[in-house]
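Hi,

Here's the structure I said I'd pass along.

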Amino acid sequence: VAIKKTAAKGVVVTDANTLGFRSCGRYSRKLKHISEEQEVVRRIYNLYYYGEDGSGPLTVRQIIKLLTAEQFKWTPDLHDKRGKKRTEATKDVIYDWQVRRVLQDARYIGKQKQYSELWDCPAYLIDGTKPVVDPALWHAVQQKIAGTKRIGGAGQHLRAMTGVLRCGECF
């Protein structure tokens with residue numbers, strides 16, 4: 001109940017350490033905006049929804065390949081603060097779950113998620129007024145993601161071309 005009241009006041013109650021944001025301290029409830037990373041976040045959203053150079057939207061894997069080719073380092077300052085430490089072999093790897101998490105994170109529109117509810121949080125807004133990602137684009141991406149999810153494993157057990165091809169005797 002106390003966390004819901006705090007979230008309703010617009011105070012940071014989620015972990016602020018993510019692409020584009022860093023916590024100012026464990027109990028400070030303040031955060032720093034990392035503008036270079038926020039540019040990458042905006043680019044990820046645009047690549048996923050619109051694409052690049054009119055080639056159409058990119059998949060998460062294509063975005064990862066593009067960022068890796070550009071030698072983008074995904075929050076290297078947080079590598080030692082995570083539960084799973086990065087090794088020399090994995091320090092430059094961008095995982096698909098990281099990009100998916102960015103695409104679904106409400107903090108980029110100035111909200112924080114607590115108990116499956118979205119709460120306004122001005123600390124996540126640039127200068128307290130402007131979100132990192134346009135809310136209309138964020139919602140459009142959420143609809144696109146929801147449209148690609150499988151529900152209950154539907155389609156996993158169907159045989160290829162079922163209902164499309166028939167043998168010559170069945171006609």
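This is a predicted model: local features need pLDDT of at least 70, side-chain atom pairs count only at pLDDT 80 or more; totals for chains, interfaces and linings use all residues.

Of the 171 residues in the chain, 35% are buried.

On the fold, I get 5 helices and 4 strands, running α-β-β-α-α-α-β-β-α along the sequence. Among contacts with a separation of 6 or more, 57% involve residues 24 or more positions apart.

Now the inside. The largest nonpolar core has 33 residues, and those touching the most other members are L19, I44, Y45, W74, V99, L103 and Y108. Helix 2 (35–49), helix 3 (60–69), helix 4 (96–104) and helix 5 each give two or more residues to this core, with helix 2 giving the most, at 6 residues. Take L19 from that list: leaving out residues up to four places away in sequence, L19 touches E37, V40, V41, I44, F72, W74, T75, V102 and Y108.

The other residue I'd point you to is Y124. Where does Y124 sit? It's in the loop between strand 4 (117–120) and helix 5 (135–148). Beyond its neighbours within four places in sequence, Y124 is in contact with V12, T14, D15, A16, F21, L31, H33, R107, G110, K111, Q112 and V132. Also, Y124 and K30 lie 94 residues apart in sequence, yet their C-alphas are 9.4 Å apart in space.

Cheers

Technical notes
Residues are numbered from 1 along each chain as its sequence is written. Side-chain values use heavy atoms; hydrogens and water are left out. Buried means under 20% relative accessible area, exposed over 50%, partly exposed in between (1.4 Å probe, protein chains only). Contact means heavy atoms within 4.5 Å. A nonpolar core is a set of buried Ala, Val, Leu, Ile, Met, Phe, Trp, Tyr and Cys residues joined through side-chain atoms within 4.5 Å.
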